[in-house]
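Try each one yourself before you read the solution.

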Amino acid sequence: MMKKRLGKKAQQDTEDVLWVIFELILLAMAGFSMWYYSYQKIEKNNFEEQFLARDIALTVDAMQASPHNLRYFYSFPDKKYDIIFSRKDENRVIALSKKDKFGFYPFLTIQENIAENTFELSKEKKNFFLLSNAKDDFDISDKEPDKNLLYIPEEKIEFEIPKEVLLDPIYYAPAQNLILDEINYLPIDPIPDLLKQRSEMNAAIANRMYLGLTGSGYTVLNTREDTKTGELLSILDEKRKDENIILAFQEMSNFIIAIDSTLSDKNIIKIFYHFNSKKSKAIGIKILNKLSKDKELKLDGVSLVPIHPEDEERYNLLDKNKISILIEINNYIDNKGKLSLNEKSSNIGTLILEAITDE
Amino acid sequence: MNKTTKTVDFCRLRNSLRISKKAISFQLTDWLPKIILLVIVFVFTVFIVESFYRFELNVESIRSEVLAYNLFVSDKLNYYDEEINRLYIGIIDKNKFDNLDLSEYSYGKKRYYSAKLTLLNLDDPNEVIEKYYNKEEYENWIPLSFDKTKYYVLYKEYYVFIKDQGKTSRGKLSIELITPNG
């Protein structure tokens, strides 16, 4: 009787153990199937291929919007891909991975000469280059472009730089006189002391140039007294010299450098010159190449802009018979509300000086 | 003692293999709630995976922005000074705008977007010029464009100058792009 009772209990225990094992097996199967489901979802997708196709296609679109020459270095993860620029019926970038997964996306062809092309990318060879030569040519290549192409080709003309220079750092009257943006008719100086900051920056660049030029034997005329001394910050509120005197200076000078700083969403330095003055253009190219080669300055770009001064009053100091340039420093506003290149005014002044004096 | 224990273990195992059908059916009814719970957990996990895993790369908004910018800076509508080889972005050449052909701004045969460009002369509000790209698609898509899941609509306004045979006036350029998603 006793034996039978024990047997029933034992049977019950064994059943319990087996059910627990069964439960565990069921749970493991459910867990495995859930993991396998998620794994298959991730493994079978072509997310990376789609991403690459979209990213490259949008890069090509954006490059074609540039009115200037652009060279873009496209770098890849260490994976094997075929990147195909297809022009059949539809312009498509196709990213094909070695697992036969692919993604594609259309791209604009404003520049019709974007050729059909295929690049094999791998761990060893993981980049290619996109080159847009402003509306004329678009090249996609796996060969690194000549670095000199990044700079503006220098004009080969022989001329002597006059030893008398007129420096004209633009001065903005403080406070209320807001300048309106030409396009949006809105004030472009939303920060109250920005006009002062701009005046300071123009003066600081001119001051550095003044010291260097006089040291190199140049005679320097200056439209602002304060830039002749190192104490310009304390006397910034002094008014600019009489406009008539400046105009007289401009009349008699054969070498004029005007300096201005403005707001932009990028750090870009522009040089404006009279479209008919080859000497001004040559000096402008030298300065811009010098500035863009400097690693500390970290400019987003430089631009050389020909001007019809007859059409735009702002540029009336540019003259076809003189060497006359307007250097415009485009800054963004940093998180302290300051012009981003303000602290580098002295570097900018030095580099311009070196370009002029050929150091 | 050890011998006895071994005998009992063997008995338990033997007995366990002789579970009656009645017992099994009883155990199954006992298990039903557990199985239902397991199925609920499984379905819930699938739902979680599906909701987090979203394979959509919608870049239509970026593409539309790039396209609108491409149009705004285009030499097809901006004034170009041939003498100095300079394009004046933001100064619209009215003559060019009148004869505007946007077919160049395509992605190939398939029509990925439609566009409407409106140039309003602010100095003479009666002067409004409208230009279309894929006009038929524009007219078909615009009534449906309230459905944000199917269409992306980009509307941009730029204040510009309009240059018309030496005369310059103030103007407003509106660019409206409709792109089907996906």
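This is a predicted model: local features need pLDDT of at least 70, side-chain atom pairs count only at pLDDT 80 or more; totals for chains, interfaces and linings use all residues.

**Exercise 1.** Work out which secondary structure elements chain B has and in what order they come.

*Solution.* Start by counting: chain B has five helices and six strands. Now walk along the sequence, and you get the pattern α-α-α-β-β-α-β-β-α-β-β.

**Exercise 2.** Find the order of the six strands in the open sheet of chain B, and say which ones stand at the edges.

*Solution.* Go across the sheet and you read β1-β2-β5-β6-β3-β4 (chain B), with mixed pairing. Next, look at the two ends: β1 (78–81) and β4 (128–133) of chain B each have a single partner strand, so one side of each has no neighbour in the sheet. Neighbouring strands here are turned by 35° against each other on average, if you ignore direction.

Now zoom in on one pair. Strand β3 (residues 114–121) of chain B runs antiparallel to β4(B), with six bridges between them. In one of these, A115(B) has Y133(B) as its bridge partner.

**Exercise 3.** Decide whether R170(B) is buried, partly exposed or exposed, and find what it touches.

*Solution.* First place the residue: R170(B) sits in strand β6 (residues 167–180) of chain B. Then count neighbours. R170(B) has 14 C-beta neighbours inside 10 Å, so it counts as partly exposed; buried would take 20 or more, and exposed 12 or fewer. Leaving out residues up to four places away in sequence, R170(B) touches L122(B), D123(B) and F161(B). Take D123(B): it is 47 residues from R170(B) in sequence, but their C-alpha atoms are 6.0 Å apart in space.

**Exercise 4.** Over in chain A, find how many residues of strand β13 (residues 323–331) are buried, and which strands pair with it.

*Solution.* Check the burial first: nine of the nine residues of β13(A) are buried. In a regular strand, side chains alternate between the two faces of the sheet. Here I323(A), I325(A), I327(A), I329(A) and N331(A) point one way, while S324(A), L326(A), E328(A) and N330(A) point the other.

Then look for partners. Strand β10 (residues 255–263) of chain A pairs with β13(A) in the parallel sense over nine bridges, and D260(A) is bridged to E328(A). Strand β11 (residues 268–274) of chain A runs antiparallel to β13(A), joined by six bridges; there, Y273(A) stands opposite I325(A).

Key. Residues are numbered from 1 along each chain as its sequence is written. Chains are lettered from A and ligands numbered from 1 in the order in which they are written. Helices (H or I, at least four residues) and strands (E, at least two) are DSSP runs, numbered from the N terminus. Two strands pair if DSSP finds at least two bridges between them. Two residues are in contact if their C-beta atoms, placed from the backbone, lie within 7 Å. Axes are lines fitted to C-alpha atoms, for helices over the stretch in contact, and angles run from 0 to 180 degrees between N-to-C directions.
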